[in-house]
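Thanks for coming, everyone. I'll keep this quick. Please have a look at the model while I put it up.

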Amino acid sequence: MSARRRFSRFARGGLPGLRADTGLRLTSMMDILTTLLFFLLKSFVAEPESVTPAPGVRLPVSESEEHPEASLVISVSALGVIVAGEKVAGLDEITSADPTASEALGAKLDALRTQQEEIAALRGATSHQVVTVQGDRSVEFGALRKVMSCLAAHGYESVALAVVERS
Amino acid sequence: MRGTHTPKGYRRLVAGDIDLLPLMNVFVALVPMLLLSAVFLRIAVIKLGLPGEVTASPASPAGEILVQLESDRYVVLATAPAPAIFEAGVGGGTASTPEVRIVTRNAEGSAQLTSELRALVGDRAAEYTVVIAATDAERYEELITVMDAARAAGIAQLSLFGAEPDARGEP
């Protein structure tokens, strides 16, 4: 058999011993994904309840080590007052003497509290209103005071301030 | 694929693809090491009690300490009853006169504030509530610093002065 004919036969896959393997090997990539999966499972088991800082909020650093619990999240930053992911009022509006922003915040809080009480009633449990306030470290105390006054006025019993644990 | 010639003159095909296997093996080694050494942000919380009012009445059942944040100092006001102070005869306070301490706000101010609070409450830190008062322009971060100082002194009950609704129930 001439060399040319042998080459043509090989090109058509006729000689199994010399066939080049061009498949993509995913074994190592699967190892990486498995490692990441175990890491995420470990993190979830260690801290089942995690709080994600709201966008635009730089939490202050603290020595506190108390873990957050499932609660309503209110963020106060330059972007305004955001309740459960929905902007209720701007920062300047909440600190002004105009009660419109406070009333809007109060209405939102009442609606959420009613919703939580209905859910608790369906479960046959008592409703415990817990709020986590995520305040940007540069926010003025006046805005925070207004928000907390609103929370107290609308029946929220327990307030927690979110901070970054000092490492 | 390109061909090369063997010594006998036959053409042999050589795979020209890039072998990514060693690179992936490097990632397999790097990723766990980076995950184990990474520092992730841990979110914690500081729980606040119901807002309280400061009173100088000796009949007040709860021990309250007011920490007023001013521009250059912390003013610590311990209202009666403060058994740790009055019984030990520490300072100039009496049963009807609150105890006042002044702490300069500087780099060591937080540690000194903790010392003053610890001296005020003694071993009865669980019976006291720290009420933090500040101007509206004060930064939120500064309040957290005072809360940390109070917690370092063993006082876990914290509240913010002025955070309660007024008599009409409005903020």
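How many residue pairs are in polar contact between chain A and chain B? The count is 17, with both residues of each pair at pLDDT 80 or more. Bear in mind that this is a predicted model.

Now, which elements of chain A supply that interface? Those giving two or more residues to the side that touches chain B are helices H1, H2 and H5 and strands S1, S5 and S6 of chain A. H5(A) gives the most, with ten residues. By type, that side of chain A splits into 28 nonpolar, twelve polar and 16 charged residues.

Next, the overall contact. On chain A, 56 residues are in contact with 45 residues of chain B. Together the chains bury about 4,700 Å² between them. Carbon and sulfur atoms account for 66% of that. Three residues stand out: A:Glu66, A:Phe141 and A:Leu161. They supply 15% of the area that chain A buries against chain B, more than any other three residues.

S6(A) and S3(B), residues 43-48, run antiparallel and are joined by six bridges. Within that pairing, A:Val163 has B:Ala44 as its bridge partner.

On to charges. Side chains of opposite charge can pair when their charged atoms come close. How many salt bridges are there between chain A and chain B? Four. Over all chains, the structure holds 15.

Let me take some of the cross-chain ones. B:Lys47 meets A:Glu69 in a salt bridge, at 3.3 Å from N to O. B:Lys47 sits in strand S3 of chain B, and A:Glu69 in the loop between S1 and S2 of chain A.

Another one: B:Asp136 with A:Arg145, the closest N and O atoms being 3.0 Å apart. B:Asp136 lies in the loop between S7 and H4 of chain B, and A:Arg145 in helix H5 of chain A, so this pair joins two chains. B:Asp136 is partly exposed, at 38% relative accessibility. Then there is B:Arg42 with A:Glu165, where the closest N and O atoms are 3.5 Å apart.

Inside chain B, B:Glu116 pairs with B:Arg101, the closest N and O atoms being 2.7 Å apart. B:Glu116 is in helix H3 and B:Arg101 in strand S6 of chain B, so the pair ties together parts 15 residues apart in sequence. Why do both residues count as buried? The cut-off is under 20% relative accessible area. B:Glu116 comes in at 18%, and B:Arg101 at 14%. In chain A, A:Asp110, A:Arg113 and A:Glu117 are linked in a salt-bridge network.

Now the folds, chain B to start. It has four helices and eight strands. Along the sequence the pattern is β-β-α-β-β-β-α-β-α-β-α-β. Of its 171 residues, 37% count as buried. Take its contacts between residues at least 6 apart in sequence: 63% join residues at least 24 apart.

Last stop, strand S2 of chain A, residues 72-77. Five of its six residues are buried. S2(A) runs parallel to S5(A), with five bridges, and A:Val76 has A:Gly135 as its partner there. S2(A) also pairs with S3(A), antiparallel, over four bridges. In that pairing, A:Ile74 partners A:Val83. A hairpin of two residues joins S2(A) to S3(A).

That's my tour. Over to you.

Notes:
Residues numbered from 1 in each chain as written. Chains lettered and ligands numbered in written order. Predicted model: local features only at pLDDT ≥ 70, side-chain atom pairs only at ≥ 80, totals over all residues. Heavy atoms only, no water. Contact = heavy atoms within 4.5 Å. Buried area = accessible area lost by both parts, 1.4 Å probe. Salt bridge = Lys/Arg side-chain N within 4 Å of Asp/Glu carboxyl O. Polar contact = N/O pair within 3.5 Å; in protein donor to acceptor, adjacent residues only side chain to side chain. Nonpolar A, V, L, I, M, F, W, Y, C, P; charged D, E, K, R; others polar. Pairing = 2+ DSSP bridges. Buried < 20%, exposed > 50% of the residue type's maximum accessible area, 1.4 Å probe, protein only.
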